[in-house]
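Hello,

Here is the structure I said I would pass on. My notes on it come after the files.

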Amino acid sequence: MVTATDIAPVTFQYSHVIGRQEVRSGNGFFNPVAITRDGNGLLYVLSRGTETPAFFPCKRVTVFNPDEEEVLAEFGQKIPPEDADETTPNGSFMWPTSVALDSHGYAYVADEWLNRISIYDQERGNWIGMWGIPGDAPGEIDRPAGLAFDKNDNLYMVESRNHRVSVFTKDGKYQFGWGGKGDGDGQFNLPWGIEIDHNGDVYVADWRNDRIQKFAPDGTFLMKFGESGDGEGQFNRPTGVAVDKDGHIFVTDYKNDRVQVFREDGGYVTTMRGQAGLSKWGAERVYLDPTIVQARNRALNLQEREGAFQGPIAVEVDDDGRVFVLETARHRVQVFSKQTAMFAGEL
Amino acid sequence: MADQNHDIALMAHLMRRAGFGAQYAELEERAAKGYDATVEELLNPEVNHHGMDLDVAERCFIEWSHQTRGVPEYFAFRMINSRCQLEEKMVLFWHGILCTADSKVQSYPTSYDEIEMFRQYGMGSFRDLLLEISRDPAMIFFLDNCLSHKGAINENYGRELLELFSMGVGMDGEFNYTEDDVKECARAFTGWTIANNVPGQPYGRYRAKFVFNPEDHDEGTKTFLGETGNFNGEDVIDIIAKQPATARFLSRHLYSYFISDEAQVPSWMETPPKDPETIKMLEDEYFRSGYNIKSMLRVLFHSDAFLNAQFQRVKSPVETVMGTLRLVGDWTEPKPGFEFIFDEMKHMGQEIFNPPSVEGWHTGQEWIDGGTLVHRINFTADFVGDLKQPGVREIVNRLGEIGPVISPEQMVESTCQLLGHYELADETRQMLAAGVAKGGTIHTDTEEFGTRVSELLQMIVATKEYIYA
């Protein structure tokens with residue numbers, strides 16, 4: 001008799017790393033904060049960039065193939081801080097936080113300073129519209145953070161400063177919402193990332209409460225897990241959450257510089273800490289300058305120091321068991337493959 | 001009432017010196033607690049919360065959370081918003097004495113670690129601080145101690161440790177050390193170096209790490225400041241810490257930073273302290289307390305010299321900018337566009353994280369020339385003239401509470417009080433009152449009143465008196 005056990009260990013095999021620090025455009029990111037993937041397996045990474053120096057044109061969405069590591073498109077541009085107000089030109093970003101794709105492949109980008117959702121078409125670069133009314137009344141938004149579409153193209157939006165989740169049609173018509181500031185069930189404190197699993201259930205990274213909350217699609221509270229700390233199952237400002245087809249929940253434990261993995265009931269499984277080596281795009285830069293090559297050869301504990309997550313901020317999964325961890329402080333995506341043991345033998 | 005006013009004036013003085021100034025409401029609150037209690041609160045940041053939502057700030061300025069960029073901005077945000085003002089003021093104090101520059105270090109994570117070290121050790125034992133700065137990766141790189149080897153020393157760090165960080169060239173007309181002491185000091189610090197760091201490409205800067213390399217350390221016998229032994233860097237610091245010159249050096253720096261502008265450091269050998277009694281008091285406390293900086297500060301803030309030293313120091317550019325932002329209530333929470341603050345300080349002559357040399361910034365009157373003065377006044381006038389700033393609105397409202405009609409003299413007097421009890425010369429005061437009077441009777445319940453207040457504020461910050469803290 002052959003059987004498999006549902007308590008089999010899960011491990012993650014490091015595959016490769018994509019990215020480099022790139023302040024302008026092309027093969028790299030600059031303080032990326034969000035990642036998503038389309039139906040063709042292309043990844044979209046949103047670079048938030050920095051305030052300084054002002055001349056860095058660093059805010060953008062980069063679309064690329066995670067296997068061939070080819071940049072296929074970029075869109076969005078930085079607006080100078082002094083111009084970041086209601087007159088900001090269409091398609092510009094000040095403090096972008098998240099990118100999500102609807103079923104047609106249109107990209108929706110949230111900007112928490114401008115309180116607007118900008119929409120780009122499938123050609124990946126053409127701005128086609130925006131919506132968002134600042135405020136705290138239902139249907140108004142204050143500091144949009146995570147975005148996620150359900151199967152019906154409803155956009156679930158985390159509003160960090162309204163401490164709630166609001167659901168809109170993709171053209172911005174308010175449907176319903178839930179939340180409020182607090183630490184009770186269904187309440188939030190500056191929430192950030194959001195995920196919708198294969199069943200349509202909603203997971204929110206309740207950032208300042210150091211926990212993950214799970215809800216039914218209508219906002220009914222289902223469960224929570226996590227508390228403040230750096231032990232197993234504890235968090236220090238969780239930012240992103242993703243759920244794979246097996247129900248495994250991946251949480252970017254931002255200030256603990258790790259990703260924690262949980263069972264679908266919230267039970268702790270394992271911790272990932274990063275294993276990056278030199279990326280393809282990184283090698284392009286490094287091998288331009290022999291002094292960098294020499295410095296890398298001399299560096300103490302290069303593999304250990306370079307490999308570790310720094311600022312894991314968002315995570316994405318696919319149905320092939322791949323996990324994409326986005327690190328804002330290292331401007332890259334580390335790719336892992338899930339390995340689940342199958343035990344064979346007589347019971 | 002007179003006592004309370006006196007207390008608030010004194011509190012304004014304390015907060016200008018031990019911090020970066022405060023709005024009137026904070027002065028009232030602190031004065032109600034009392035001077036002694038406020039001094040103790042400022043001296044003990046470890047038991048008093050800084051009152052900032054730093055996690056939220058790091059979320060907005062995403063590069064702050066791992067210090068890969070934006071470290072000067074992060075430091076400035078803390079100067080503006082920390083309730084523990086003396087902690088930040090001491091970080092700035094040490095940043096101006098134990099100098100490194102980003103123009104050479106070029107690693108914000110490493111510079112951040114140095115600033116955090118100042119925050120941790122800046123009010124502790126001076127001996128411990130000297131030890132930490134000798135292990136500080138930014139300093140080791142900045143002053144080339146990583147290039148100093150057994151049998152082939154680089155004297156740079158050893159020299160500056162003695163000359164600029166602890167003792168000074170001389171005291172009371174006598175040299176404090178010899179060239180041989182410099183060489184022996186450098187020998188003691190051989191092997192104090194940094195690990196080969198991960199380069200900044202392709203993933204951004206990594207923080208440098210201190211390592212002691214025993215293979216490269218000179219184990220030979222050294223004679224330093226009259227003592228002989230197989231000294232390591234730590235032994236050298238122990239010897240430095242117990243020198244009278246070290247007590248004098250630290251006392252003069254504290255006096256100049258908190259009480260009254262002293263002569264510039266290079267002239268200290270020949271130029272005696274302007275207030276020998278207070279310096280002696282601080283020197284005594286240095287030894288009595290076991291080199292404890294906090295104890296020296298406690299003595300300093302209760303000294304007659306400090307209590308009577310109002311408006312005897314020229315504000316530094318950092319004090320000018322941070323003080324203005326705290327006064328008007330701007331940047332109390334993150335928003336885009338922090339960079340201009342650094343441009344302003346730079347144009348006024350003080351670019352933090354990039355002092356002009358290892359000697360730091362020259363202070364006092366040297367902050368002021370035609371160009372920097374114009375920048376200073378324009379910056380301050382722009383902010384205090386902005387009626388949208390909450391701190392300016394608060395001044396307008398408080399003046400309005402005096403009564404429906406106020407005299408020009410009363411308006412000038414009360415506005416100076418609300419700015420922190422500024423003391424103007426009679427001639428200046430009369431000139432300002434005459435300027436205000438040109439607008440006719442002052443009705444405080446009119447739209448125009450706010451504009452008249454903001455115009456007066458702009459005139460006050462352009463006076464000679466406002467240059468001083």
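This is a predicted model: local features need pLDDT of at least 70, side-chain atom pairs count only at pLDDT 80 or more; totals for chains, interfaces and linings use all residues.

Chain contact. On chain B, 26 residues are in contact with 38 residues of chain A. Helix 4 (residues 54-60) of chain B supplies the largest share of the chain B side, namely three residues. By type, that side of chain B divides into twelve nonpolar, nine polar and five charged residues.

Sheet in chain A. Four strands of chain A make an open sheet in the order 12-13-14-15, with antiparallel pairing. Strand 12 (144-149) and strand 15 (174-179) of chain A each have a single partner strand, so one side of each has no neighbour in the sheet. From one strand to the next, the twist averages 20°. Strand 12 and strand 13 (residues 155-159) of chain A run antiparallel and are joined by four bridges. Phe149(A) has Leu155(A), in strand 13 of chain A, as its bridge partner.

Nonpolar cores. The largest nonpolar core holds 204 residues, and Phe250(A), Val333(A) and Leu300(B) have the most contacts inside it. Helix 14 (residues 244-258) of chain B gives the most to this core, with eight residues. Leaving aside residues up to four places away in sequence, Leu300(B) touches Leu254(B), Phe258(B), Ile259(B), Leu282(B) and Phe306(B). There is also a second, separate core of seven residues, among them Ile79(A), Ala84(A), Phe93(A) and Met94(A).

Regards

How values were computed: Residues are numbered from 1 along each chain as its sequence is written. Chains are lettered from A and ligands numbered from 1 in the order in which they are written. Two residues are in contact if their C-beta atoms, placed from the backbone, lie within 7 Å. Helices (H or I, at least four residues) and strands (E, at least two) are DSSP runs, numbered from the N terminus. Ala, Val, Leu, Ile, Met, Phe, Trp, Tyr, Cys and Pro count as nonpolar, Asp, Glu, Lys and Arg as charged, and the others, Gly among them, as polar. Two strands pair if DSSP finds at least two bridges between them. Axes are lines fitted to C-alpha atoms, for helices over the stretch in contact, and angles run from 0 to 180 degrees between N-to-C directions. A nonpolar core is a set of buried Ala, Val, Leu, Ile, Met, Phe, Trp, Tyr and Cys residues joined through C-beta atoms within 7 Å. A residue is buried if 20 or more other C-beta atoms lie within 10 Å of its own, exposed if 12 or fewer, and partly exposed in between; C-beta atoms are placed from the backbone.
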